[in-house]
Amino acid sequence: MNDWYGYTKNSSERIAPSKAYDFTDSMIRMYGENNGYLMTNSSYENFELSLEFRWNIEKEFYRGDVKKNSGVMYNIPSNSPDHIWPKGIQFQIKENTTGDFIFLDNVTAKVNGKLIEAGASVVSPKFSNNENPYGEWNAILIRSFNGKCTQYLNGKLVNECVEVSSKEGKISLNYEGSPIDFRNIQLKKIHK
């Protein structure tokens with residue numbers, strides 16, 4: 001918990017992670033009425049991030065009335081202000097679109113040789129499906145190295161870009177109204 005801070009749409013400042021979300025049974029459990037995120041205190045460059053997520057379908061948390069939506073953001077510039085949602089790149093976690101890139105706040109990149117135009121929130125769809133059913137764990141792997149970003153879902157490459165304009169920064173786990181659990185978060189520096 002010391003590596004993260006919490007921020008929610010009702011926050012005016014950063015809060016302790018445990019005041020935003022639950023840390024229990026070796027998991028981070030995100031649920032409730034307040035959209036927000038857990039953000040790293042540190043900034044990272046040339047890294048590999050792996051973690052697992054699952055939609056929380058336990059009766060006390062599950063909300064079947066909404067389209068499941070979350071994400072893992074990375075390369076969030078350290079000088080980017082806290083707000084919902086900050087500048088950076090998101091590995092979209094959403095029903096039927098898990099693995100999409102979302103480039104936020106004018107971040108650009110090239111995908112399949114084409115420049116992604118700058119915008120507030122620009123989606124670049126995944127090129128492969130590989131999400132497990134509700135309640136099952138899914139493995140995410142993100143590599144960011146010298147402006148090239150690759151996103152894997154359950155061992156399969158689902159998206160890739162080069163010449164990204166935001167090459168380093170903080171990392172966040174997003175809560176967007178759909179109860180979700182994260183576990184086995186590992187981050188390591190890479191050199192190739």
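How many cavities of 30 Å³ or more does the structure hold? There is one, and it gets its own view below. This is a predicted model, so read every close-up with that in mind.

**View 1. The whole chain, before zooming in.** The chain has 17 strands and one helix. Its radius of gyration comes to 15 Å, close to the 16 Å that the globule rule gives for 192 residues, so the chain is as compact as a globular protein of that length. Along the principal axes, the C-alpha atoms fill a box of roughly 45 × 35 × 30 Å. Of the 192 residues, 49% are buried.

**View 2. The largest cavity and its lining.** Here we look at the largest cavity, with a volume of about 40 Å³. Its lining is made up of Tyr5, Met39, Ile76, Pro77, Ser78, Ser80, Pro81, Asp82, Pro86 and Lys170. Sorted by class, that gives six nonpolar residues, two polar ones and two charged ones. Ser80, one of the lining residues, belongs to the loop between strand 7 and strand 8. Is Ser80 buried or exposed? With a relative accessibility of 14%, Ser80 falls under the 20% cut-off and therefore counts as buried. For a sense of distance along this part of the chain, take Ser80 and Thr98: they are 18 residues apart in sequence, and their C-alpha atoms are separated by 25 Å.

**View 3. The largest pocket.** Now for an open space: the largest pocket holds about 180 Å³. Twelve residues line this pocket, and the closest to its centre are Asp3, Trp4, Thr40, Ile185 and Gln186. Which strand gives the most to the lining of the largest pocket? That would be strand 17 (residues 180-189), with three residues. By class, the pocket lining splits into nine nonpolar residues, two polar and one charged.

View 4. The model has six aromatic pairs. One of them joins Tyr37 and Trp85, with ring centres 6.2 Å apart and 45° between the planes, which makes the pair tilted. Tyr37 is in strand 4 (residues 36-40), while Trp85 is in the loop between strand 7 (69-76) and strand 8 (88-94), so this contact ties together parts that are 48 residues apart in sequence. As for solvent, Tyr37 has 0% relative accessibility and so counts as buried.

View 5. The peptide bond from Ile84 to Trp85 is cis, with omega near 0°. Trp85 sits in the loop between strand 7 and strand 8, and Ser80 is placed in the loop between strand 7 and strand 8 as well.

**View 6. Two arginines over aromatic rings.** Where does the charged end of Arg14 sit? It is over the ring of Tyr5, 4.0 Å from the ring centre. In a second case, Arg183 lies over the face of Trp137, at 3.9 Å from the ring centre.

**View 7. Two asparagines with positive phi.** Asn96 has phi near 70°, a positive value in a residue other than glycine. Asn96 is in the loop between strand 8 and strand 9 (101-104), and its 63% relative accessibility makes it count as exposed. The other is Asn184, with phi near 50°, again positive in a residue other than glycine. Asn184 is part of strand 17, and at 45% relative accessibility it counts as partly exposed.

**View 8. Phe127 and Thr97.** Phe127 is in the loop between strand 12 (121-124) and strand 13 (138-145). With 45% relative accessibility, Phe127 counts as partly exposed. How many residues apart in sequence are Phe127 and Thr97? The answer is 30, and from C-alpha to C-alpha they are 9.9 Å apart in space.

Terms used
Residues numbered from 1 in each chain as written. Predicted model: local features only at pLDDT ≥ 70, side-chain atom pairs only at ≥ 80, totals over all residues. Heavy atoms only, no water. Phe/Tyr/Trp six-rings, centres within 6.5 Å; stacked < 30°, edge-to-face > 60°. Helix = DSSP H or I, 4+ residues; strand = E, 2+ residues; numbered from the N terminus. Buried < 20%, exposed > 50% of the residue type's maximum accessible area, 1.4 Å probe, protein only. Lys NZ or Arg CZ within 6 Å of the ring centre and 35° of its normal. 1 Å grid on protein atoms, 1.4 Å probe; cavity = no way out; pocket = protein on both sides within 12 Å on 5 of 7 lines; lining within 4 Å. Points joined across faces, edges and corners; volume = space filled by probe spheres on them. Nonpolar A, V, L, I, M, F, W, Y, C, P; charged D, E, K, R; others polar. Rg over C-alpha atoms; globule rule 2.2 N^0.38 Å.
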